Amino acid sequence: MKKFLFLISIITIISCKDKATSEDTAANENPLIMEGENHFKDMYQVTFGGDNAEAYWSFDDKQLIFQSNNADWDVGCDQMFLMNNGDSFRAMPAGRQESVPKMVSTGKGRATCAYFLPDNKHVIYASTHLVMDDCPDTPLKENGKYVWPIYDSYDIFVADLDGNITAQLTNEKGYDAEPTVSPQGDKIVFTSDRSGDLELYTMDIDGGNVKQITFELGYDGGAFFSPDGTQLIFRSSRPKTEAEIKEYQDLLKTGLVQPTEMELYICNADGSDLRQLTQLGNANWSPFFLPDGKRVLFSSNFEAERGFPFNLYMINTDGTGLERITAGETFDAFPVFSNNGKYLAFSSNRNNGGGRDTNLFIAEWKD
């Protein structure tokens, strides 16, 4: 099986052991794979330090775009970085990166949620750089509760792989972010509050033909297309009681959401046939379709009593067959399959020496 060069370049970080005679033995000998993580044939760590997340594959599976706030890379908050074949991200003895990946965002403001376009030469991402050079404040708690900031200065841009912005796809007042691209390369789905609520919208790859596709009160976000482009999977908070609705709307007015209660929803790409996929409680989020289009990976803390750990789970699109995939004690999230279905990129707190760093890992997947 052909391996990516950048994976080969960092294999030296893994303990050298004799080749196993079976896949199960090989997995057991990889210190990055925990007991019970039976869907991982092998695993590689590709970043070392800071918070690294939302790694998305190019259409030809030769590159990854991801966001990081690694202070050693001279950024103060999340910016977008490119991981090419041949890039070496081995850690030096002091734990610092041996090399720094190419930054493809502007370095100003805060950037998030980059995704490749079909030509493999451009990416889309959301950024606040038109409004501010410095990093915006990042409130984490409001009245003692965990919150996410929803910056009204986010817009969605297209950039080439040298970091040159070639187009601006949104210019509405308010939050426009979380864009992802259909595997067919014809549509983009994103989240916007232009209606007064956080809803999902689709647009053509050039930013035209914008359509709102969700309409119920609550935060609809983090949407991804199915492999055939006909469906969307996304996370949502749907306040029901008067108190929940008031709290949600009051927070939204101040540019905040509380992501502690979220479930997964699935619908057709035009928003029709909307249905709730999970009813697990707590936070269920960062969903991504498996290559067969019949199953979904996602992150959840529904088994946790105090908010952690978050682990990866798999569920059929009809709501059956829930299965735990990772066995971490802290945080595993943002699972994304390569287009050929052989590799899974995800973010994890594993192997960070007990610190808070969140790094990128790539696992060879087996069913």
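Me: Which strand pairs with strand S7 (residues 122-127), and in which sense?

Reply: In general, two strands count as paired if DSSP finds at least two bridges between them. Strands are DSSP runs (E, at least two residues) and helices are DSSP runs (H or I, at least four), numbered from the N terminus. In this structure, S7 pairs with S11 over 6 bridges in the antiparallel sense. Within that pairing, Val-123 stands opposite Ala-159, and the bridge partner of Ala-126 is Ile-156. This is a predicted model in which local features need pLDDT of at least 70 and side-chain atom pairs count only at pLDDT 80 or more, while totals for chains, interfaces and linings use all residues. Residues are numbered from 1 along each chain as its sequence is written, and side-chain values use heavy atoms, with hydrogens and water left out.

Me: What is the strand order of the open sheet of 4 strands?

Reply: The order is S6-S7-S11-S12, with antiparallel pairing. S6 and S12 are the edge strands, each pairing on one side only. The average twist from one strand to the next is 25 degrees; the axes behind such angles are lines fitted to C-alpha atoms, for helices over the stretch in contact, and angles run from 0 to 180 degrees between N-to-C directions.

Me: How many bridges join S11 to strand S12 (residues 165-168)?

Reply: The two strands run antiparallel and are joined by 3 bridges, with Val-158 opposite Ala-167 of S12. S11 and S12 form a hairpin with 4 residues between them, and Gly-163 in the turn has a positive phi of about 90 degrees.

Me: Which residues of S11 point one way and which the other way?

Reply: The general idea is that side chains in a regular strand alternate between the two faces of the sheet. In S11, Asp-155, Phe-157 and Ala-159 point one way, whereas Ile-156, Val-158 and Asp-160 point the other way. Burial is read from relative accessible area: buried means under 20%, exposed over 50%, and partly exposed in between (1.4 Å probe, protein chains only). Strand S11 (residues 155-160) is mostly covered, with 6 of its 6 residues buried.

Me: Why is strand S2 (residues 52-57) described as largely enclosed by the rest of the structure?

Reply: S2 is so described because 6 of its 6 residues are buried. S2 pairs with strand S3 (residues 63-68) in the antiparallel sense over 4 bridges, and Ala-53 stands opposite Gln-67 in S3. The two strands form a hairpin with 5 residues between them, where Asp-61 in the turn has a positive phi of about 65 degrees. Strand S3 also holds Phe-66, which is buried with a relative accessible area of 0%. The C-alpha atoms of Phe-66 and Gln-79 are separated by 8.3 Å, the two residues being 13 apart along the chain.

Me: How many salt bridges does the count come to?

Reply: Side chains of opposite charge can pair when their charged atoms come close. The rule applied here asks for a side-chain nitrogen of Lys or Arg within 4 Å of a carboxyl oxygen of Asp or Glu. By this rule the count is 15 salt bridges. One of them joins Arg-110 to Asp-78, with the closest N and O atoms 3.8 Å apart. That pair links distant parts of the chain, 32 residues apart: Arg-110 is in the loop between S5 and S6, and Asp-78 in the loop between S3 and S4. Both Arg-110 and Asp-78 are buried.

Me: Which elements hold Lys-145 and Glu-247?

Reply: Their side chains meet in a salt bridge at 3.0 Å, N to O. Lys-145 is in strand S9 (residues 145-146) and Glu-247 in helix H3 (residues 242-253), 102 residues apart. Lys-145 is partly exposed at 38% relative accessible area, and Glu-247 is partly exposed at 30%.

Me: Is Asp-176 buried or exposed?

Reply: Asp-176 is buried, with a relative accessible area of 0%. Its side chain meets that of Arg-194 in a salt bridge of 2.9 Å, N to O. Arg-194 counts as partly exposed at 27% relative accessibility.

Me: Which residues does Gly-185 touch, not counting residues up to four places away in sequence?

Reply: A contact means heavy atoms within 4.5 Å. On that basis Gly-185 touches Phe-59, Pro-118 and Ile-205. Gly-185 lies in the loop between S13 and S14 and is buried, with a relative accessible area of 14%. Gly-185 and Pro-118 are 67 residues apart in sequence and 5.4 Å apart in space, C-alpha to C-alpha.
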